[in-house]
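Here are my notes for you, point by point. Keep the viewer open while you read and look up each spot as it comes.

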Amino acid sequence: MEHRDTGDRFDAFRALADRRGRPGVRLIEALEEATSGAPEVARGFGLPAAAGLGPATFYADLSHRRGERHVRICTAAACFAAQHGRHLTDVEHALGVTADQAPGPEAAASLRTVRCLGYCYAGPACLDGETPCTGPDLAGQLTGRVPPHAPPIPVSDTTGDPVVLAGIVTGQPPWQMWPQILAESTPERVRAEVAASGLRGRGGAGYPVAAKWAATSGSPDSVVIANGDEGDPGSFADRLLMERDPGRVLEGLALACFACGARRAVVLVRSEYPEAVTRMRAAVETAYADGHLGHCVHGSTTSLDVDVVRGAGSYVAGEETALIAGLEGGRGCARPRPPYPTRRGLWDAPTVVNNVETLAAVPWIVRHGGAAYAARGTARETGTKLVCLSERFANPGCHEVEIGTSLRWIADEVGGGLRGGAEPAVLQVGGPLGGFLAAGELDVPLTEADLARRGAALGHAGVVAFDWETPPIEVLRHVWAFAAAESCGACSPCRVGSRKGLELVSSGDPPGEEYARVLHVMAGASLCAFGQRVPPAVRSLARAYGDRLRGWAL
């Protein structure tokens, strides 16, 4: 993870780390820059060798040689569906290297597979250093035959009054309510409005936001983390917000800190989003210059310092306990709960983790009132949601809809159906561990409860379409390959089970008792939701394909 020094400004992140006598992400920064081995780097911080080997062998960004050309190619669901996985082979041939293997001394580049880069609307995609390339001719872009191509994210609002897209669609500037809240409101009143709104976390868990804020008990040591480590393949809403409207994200973060009584905040941005890292850092600098952050903000008694940290490449490290472990300089592995982060989180301080889209909704709620937000959506699940449609759709992009909108309307009217009139086979809804629905099963409201009853999930609300050109068994194998590659390894059921599941699906043999046992153990004994959700995801896929995957829905 990369952190930029901010001079004399109070650095919340380093202060918390120093309190525990640990370097935090400075260790991971040093590992990224190191010319020596991980044990030597760790000893330079007065730590045992294992403290360096742990993160060095965990994070994908630490796997290539410093100074070499480094290409990250997306093999996640949307890019896989775009060309049925052929883009990886094309790029390997063009560069003369094999993905995820140490390149020879004469190799033109190192090539690493990642999941995902946030270009699901224009895939397949890769990053050449920090230069994005998208579309069918990745090999040509990487070899210089054609210039790099990375179109902006298409956006639309279907609600008539956007909440999180207010700045992008209507041009509404951020920071409009912040000075007034500091002068006239209290943390209790802000929490009350958010509670009245019914806002739930938009990062996948769906936990009531105001309840999470209240759980810190207003501790002056509390920390708020903006989770910009959006890793669900098929979703790119957080990238959109961080790149196009970072000030709104920061305003939502500031309001969350005010409501929690926190004086320190961290924005974690995944390293696969280099432009988002740049934009968020620039927005923080602007916010300090404009007096929105710092000591006694706008003449009030509120002080707030924000730091931006870049991730080091891991899907599971987006889970809140794994995210905290990574910020502390360790492997990004999930931790058992309780204790929950709101009681003991970053460096044992009470910690709130809210995802970027969640925070971007807070300014609108504070401006218009919780009741206005609660009037939208459904009675049980309120508000709006950003839905991301993948490259297979005629109208891919990020679209704001009201919760409860029909998924069929989203796919057919907003998305325009599939490109070229192709017939959809299945839709992956809610990320790689969400679930799959058959094309004939889309008459379902976009709510957590309704999707769950049909074996899918709301999650980040990424929708990836697969057409019939991709063999169903290859889609099933792809889901298991994702699970095996991204398991953090902290628990045996997930670490062993994901690899065993991939082995069984790839063997060509029909499913049997061993496959059923793998599903049972992973679902019941995995440490976190990653391993627990793999079995329901693969079962939903088998059900969605019906006879074409007969027997795999054990």
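**Notes on the model**

1. Let's start with alanine 461, which sits in the loop between α19 (448-453) and β15 (462-467). Alanine 461 has a positive phi of about 65°, although it is not a glycine. With 1% relative accessibility, alanine 461 counts as buried; buried means under 20% relative accessible area, exposed means over 50%, and partly exposed is in between (1.4 Å probe, protein chains only).

2. A word on what you're looking at. This is a predicted model, where local features need pLDDT of at least 70 and side-chain atom pairs count only at pLDDT 80 or more, while totals for chains, interfaces and linings use all residues. Residues are numbered from 1 along each chain as its sequence is written, and side-chain values use heavy atoms, with hydrogens and water left out.

3. Now go to the loop between α15 and β10, where you'll find tryptophan 347. Its phi is near 50°, a positive value in a residue other than glycine. Tryptophan 347 counts as buried, at 8% relative accessibility. Proline 338 has its place in the loop between α15 and β10 too, and a cis peptide bond, with omega about 0°, joins arginine 337 to proline 338.

4. Which residue is the salt-bridge partner of arginine 337, with N and O atoms 2.9 Å apart at the closest? That would be glutamate 320. A salt bridge here is a side-chain nitrogen of Lys or Arg within 4 Å of a carboxyl oxygen of Asp or Glu. Arginine 337 lies in the loop between α15 (320-327) and β10 (351-355) and glutamate 320 in helix α15, so the pair ties together parts that are 17 residues apart in sequence. Arginine 337 is partly exposed, at 38% relative accessible area, whereas glutamate 320 is buried, at 17%.

5. The salt-bridge count comes to 29. Another one to look up is arginine 270 with aspartate 229, whose closest N and O atoms are 2.8 Å apart. Arginine 270 is in the loop between β8 (264-269) and α14 (274-289), and aspartate 229 is in the loop between β7 (223-228) and α12 (237-244), so this pair ties together parts 41 residues apart in sequence. Both arginine 270 and aspartate 229 are buried.

6. Buried or exposed: what are the two partners in the bridge between arginine 392 and glutamate 391? Arginine 392 is buried, with a relative accessible area of 16%, and glutamate 391 counts as buried at 9%. Their closest N and O atoms are 2.9 Å apart.

7. Helix α12 is mostly covered, with seven of its eight residues buried. Among them are Asp238, Arg239 and Glu243.

8. Compare that with helix α4 (residues 49-56), where the buried residues are Ala51, Gly52, Gly54 and Pro55. Seen down the axis of α4, these fall within an arc of 155°, so they line one face of the helix; the arc is that of the directions from the helix axis to the C-beta atoms. What covers them includes α2 (25-33) and α3 (38-44), where contact means heavy atoms within 4.5 Å.

9. Next, glutamate 68, in the loop between α4 and β2 (70-74). The C-alpha atoms of glutamate 68 and alanine 109 are separated by 6.5 Å, though the two are 41 residues apart along the chain. Leaving out residues up to four places away in sequence, glutamate 68 touches Pro103 and Ser110.

10. One more cis bond to check: the peptide bond from glycine 123 to proline 124 is cis, with omega near 0°. Proline 124 is in the loop between β3 and β4 (125-128).

Technical notes
Helices (H or I, at least four residues) and strands (E, at least two) are DSSP runs, numbered from the N terminus.
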